[in-house]
Amino acid sequence: MMKKTIVAALSMLVCGAAWAADGTPAAADTQLIKQGEYLSRAGDCIACHTATNGKPFAGGLGIESPLGTIYSTNITPDKDTGIGNYTYEDFDRAVRHGVAKDGHSLYPAMPYTAYAKVTPDDVKALYAYFMHGVEPVKQANKDTDITWPLSMRWPLGVWRWMFAPDVVTAPAANAAAVADADKQALLRGQYLVEGLGHCSTCHTPRGVALQEKALSDADGSAFLSGGVVEGWLAKNLRGDMTDGLGSWSKEDIAAFLKSGRNGHSAAFGGMAQVVQDSTQHLTDADLNAIAVYLKSLPPVNKDATKPLAYNETVAQALRTGTDKGDGAMAFLNNCAACHRSTGKGYTETFPQLALSSTVNSADPTSLIHIVLKGAQMPGTTAAPTAYAMPGFDWRMTDKEVADVVTFVRSSWGNQGAKVSASDVAKVRKDVGAAPQPKR
């Protein structure tokens with residue numbers, strides 16, 4: 001017994017954390033638990049593992065997939081319905097390898113392809129938090145709504161073999177040991193974006209097997225080049241001037257992640273939740289690191305290096321009433337009060353439409369979605385007021401929405417392609433908007 005006590009004490013000194021013989025962190029290790037809580041924020045675990053009006057981390061949130069609805073699991077430390085009986089090895093296997101305690105493969109709705117890059121030390125901190133910092137909730141898990149034979153799990157093992165990366169076994173590169181401050185931030189930002197932040201899960205297009213086309217910039221320019229998720233376009237985060245972050249500064253990116261808005265845009269759709277529950281809680285150093293890394297990514301279109309230039313022509317035509325087109329009239333009647341005839345909106349209140357990367361994206365899905373169903377900024381500590389835009393699905397036909405979206409995408413220097421009524425009809429159906437009104 002004395003020998004075991006000495007070994008345990010030495011382990012605490014060497015590892016810097018109190019761990020039992022079975023690999024379980026001691027409940028009293030408050031610093032490790034606090035670190036795990038911060039990392040869970042960075043990973044936005046609460047977003048998927050908490051149902052609407054549900055208890056934190058108790059699961060039950062329906063996640064739509066091309067196969068059907070997948071319900072998130074209870075990851076509270078309840079021993080009957082949660083992960084209370086998970087050892088550290090069980091937890092690590094699920095988080096980074098995509099394999100549950102009983103051996104079945106997890107759907108890649110759980111972003112284990114990104115979490116594979118999380119270091120073992122950070123996984124231990126996460127485990128400490130979920131075992132000792134989260135309230136146990138007795139809530140049974142729900143089966144998927146995926147029908148047989150698509151519900152069979154064994155093909156997921158093949159999917160993991162084909163697309164999941166190797167799990168890291170060593171600590172991340174020691175950014176603090178790098179003399180250059182920008183290099184330090186770059187390494188930290190890369191770790192957060194590619195790992196816990198799992199940004200590519202939404203912002204990277206997927207292939208025919210629903211795999212991300214790239215898991216890092218080393219895999220090609222598809223990485224973070226944009227993808228459609230639940231009826232929203234998760235925008236291009238690379239250096240493209242027209243539809244990416246080419247015209248955003250590091251400060252712009254950090255401000256957006258902290259407050260949910262900046263001089264260019266405001267968070268909407270799924271990104272509003274990310275800011276609300278995750279990024280606003282990160283340290284300024286980590287937000288800057290993310291910004292440094294994102295600004296290091298070259299554009300997808302390396303030939304388009306010039307930013308769009310503002311054009312006054314449309315603003316003057318709207319002010320003088322010389323533009324009587326359907327799109328212009330719909331804009332004046334429904335949009336100009338907030339976004340102004342100049343398209344410049346009101347800084348950090350009503351987003352600008354002129355030269356907006358969302359407006360100029362090749363895929364107009366988000367713009368159509370917002371016009372149909374509206375959107376709301378997150379209320380954050382840095383910017384508490386949650387401004388909202390109403391939806392116009394109940395009062396505008398598909399043609400009217402197409403007219404106003406096309407007008408916005410071709411005004412004030414914007415260069416977005418025309419949108420058709422059939423484009424709007426598809427989004428209206430996909431996002432469950434109200435049927436178009438009869439005229």
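The model is predicted: local features need pLDDT of at least 70, side-chain atom pairs count only at pLDDT 80 or more, and totals for chains, interfaces and linings use all residues. Residues are numbered from 1 along each chain as its sequence is written, and side-chain values use heavy atoms, with hydrogens and water left out.

**Overall fold**

- The chain has 18 helices and six strands. Helices (H or I, at least four residues) and strands (E, at least two) are DSSP runs, numbered from the N terminus.
- Along the principal axes, the C-alpha atoms of the chain fill a box of roughly 90 × 55 × 40 Å.
- Of the 439 residues, 47% count as buried. Buried means under 20% relative accessible area, exposed means over 50%, and partly exposed lies in between (1.4 Å probe, protein chains only).
- The accessible surface of the chain comes to about 21,500 Å². Carbon and sulfur atoms account for 57% of that surface. Areas come from the Shrake-Rupley method with a 1.4 Å probe; for residues, only the protein chains shown count as cover.
- Among contacts between residues at least 6 apart in sequence, 63% join residues at least 24 apart. Contact means heavy atoms within 4.5 Å.

**Helix H2 against helix H6**

- Two packed helices are described by the angle between their axes and the distance between the axes.
- The axes of H2 (residues 30-43) and H6 (residues 120-132) come within 7 Å and cross at roughly 100°. Axes are lines fitted to C-alpha atoms, for helices over the stretch in contact, and angles run from 0 to 180 degrees between N-to-C directions.
- H2 is therefore roughly perpendicular to H6. Angles of 65 to 115 degrees count as roughly perpendicular, under 35 as roughly parallel, over 145 as roughly antiparallel and the rest as oblique.
- H2 contributes Leu32, Ile33, Gln35, Gly36, Glu37, Leu39 and Ser40 to the contact. H6 contributes Asp122, Lys124, Ala125, Leu126, Ala128, Tyr129, Phe130 and His132.
- The residues of this H2 and H6 contact divide into eight nonpolar, four polar and three charged. Ala, Val, Leu, Ile, Met, Phe, Trp, Tyr, Cys and Pro count as nonpolar; Asp, Glu, Lys and Arg count as charged; the others, Gly among them, count as polar.

**Helix H14 against helix H17**

- The axes of H14 (residues 326-334) and H17 (residues 398-409) come within 8 Å and cross at roughly 90°.
- H14 and H17 are therefore roughly perpendicular to each other.
- On H14, the contact uses Asp326, Gly327, Ala328, Ala330 and Phe331. On H17, it uses Lys399, Asp403, Val404, Phe407 and Val408.
- By class, the contact of H14 with H17 has six nonpolar, one polar and three charged residues.

**Helix H10**

- In H10 (residues 250-259), Asp252, Ile253, Ala254, Phe256, Leu257 and Ser259 are buried.
- Their cover includes helix H11 (270-277) and helix H12 (284-295).
- Glycine 260 follows H10 and has a positive phi, near 85°.

**Backbone details to check**

- Most residues other than glycine have a negative phi, and most peptide bonds are trans.
- Tryptophan 148 and proline 149 are joined by a cis peptide bond, with omega about 10°. Proline 149 is in the loop between H6 and helix H7 (154-163).
- Asparagine 53 has a positive phi of about 65°. Asparagine 53 is in the loop between helix H3 (45-48) and strand E1 (62-65), and is exposed at 81% relative accessible area.
- Glutamate 348 has a positive phi near 60°. Glutamate 348 is in the loop between helix H15 (336-339) and helix H16 (365-373), and is partly exposed at 42%.

**Two partly exposed residues**

- Alanine 382 is in the loop between strand E5 (375-376) and strand E6 (388-389). Alanine 382 is partly exposed, at 47% relative accessibility.
- Leaving aside neighbours within four places in sequence, alanine 382 is in contact with Lys258 and Ser259.
- Glycine 62 is in strand E1 and is partly exposed at 32% relative accessible area.
- Not counting residues up to four places away in sequence, glycine 62 touches Thr69, Ile70 and Tyr71.
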